[in-house]
Amino acid sequence: MEQHHPYEKLISVCVNFREEGSCCAKRGSVEIVETLKGYVKKNGLKGRIRVARSGCFGLCEMGPNIAVYPDGSDQGTWYKGVGPDDVGSIIEKHIVPLQK
Ligand code: FES
């Protein structure tokens, strides 16, 4: 049953919303996930890269939180406090190399 996920990259973005207190959705994570999804779709990478909306990672004060998992052969990368201006660097580091 156990196996590596089937994507070259799995990018999990917390979009959890809480009425009270901090949450990633209030800090712009929904826009971030849409930007990432749009990039993947526009560049024909669906099926290779999965951008998934995630529930709470339990680190709400640090959000928006994003976890990037490679193809199972290495450890993933964790991002906290991601803002709209950071999305480009995440794309550059994790997605663009797969396009070359
Ligand atoms: S709301 Fe995103 S980590 Fe909790």
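**Cysteines and an aromatic pair in a predicted model**

Good morning. I begin with cysteine 56, which has a relative accessibility of 35% and therefore counts as partly exposed. Cysteine 60, by contrast, counts as buried, because its relative accessibility is 17% and the limit for buried is under 20%. Please bear in mind throughout that this is a predicted model.

Cysteine 23 lies in the loop that runs between strand E1 (9-14) and helix H1 (29-42). Is cysteine 23 buried or exposed? With a relative accessibility of 1%, cysteine 23 counts as buried. Which residues does cysteine 23 touch, if we leave aside those up to four places away in sequence? They are Asn16, Phe17, Arg18 and Cys60.

A disulfide is a covalent bond between the sulfur atoms of two cysteines. How many disulfides does the structure hold? The number is 0.

I turn now to the aromatic residues. The structure contains 1 aromatic pair. It is formed by phenylalanine 57 and tryptophan 78, whose ring centres are 4.9 Å apart. Why is the pair called edge-to-face? The planes of the two rings stand at 65°, and an angle over 60 degrees counts as edge-to-face. This pair links distant parts of the chain, 21 residues apart. Phenylalanine 57 belongs to the loop between strand E2 (49-54) and strand E3 (66-69), whereas tryptophan 78 sits in strand E4 (residues 77-79). As to accessibility, phenylalanine 57 is partly exposed at 27%, and tryptophan 78 is likewise partly exposed, at 38%.

Finally, let us consider the chain as a whole. There are 2 helices and 4 strands, and along the sequence they follow the pattern β-α-β-β-β-α. The radius of gyration is 13 Å, close to the 13 Å given by the globule rule for 100 residues, so the chain is as compact as a globular protein of that length. Along the principal axes, the C-alpha atoms fill a box of roughly 40 × 35 × 15 Å.

Of the 100 residues in the chain, 39% are buried. Among contacts with a separation of 6 or more, 61% are between residues 24 or more positions apart. The chain exposes about 6200 Å², of which carbon and sulfur atoms supply 49%.

Thank you for your attention.

Notes: Residues numbered from 1 in each chain as written. Predicted model: local features only at pLDDT ≥ 70, side-chain atom pairs only at ≥ 80, totals over all residues. Heavy atoms only, no water. Disulfide = S-S within 2.5 Å. Buried < 20%, exposed > 50% of the residue type's maximum accessible area, 1.4 Å probe, protein only. Phe/Tyr/Trp six-rings, centres within 6.5 Å; stacked < 30°, edge-to-face > 60°. Contact = heavy atoms within 4.5 Å. Rg over C-alpha atoms; globule rule 2.2 N^0.38 Å. Areas by Shrake-Rupley, 256 points an atom, 1.4 Å probe, with all protein chains shown as cover.
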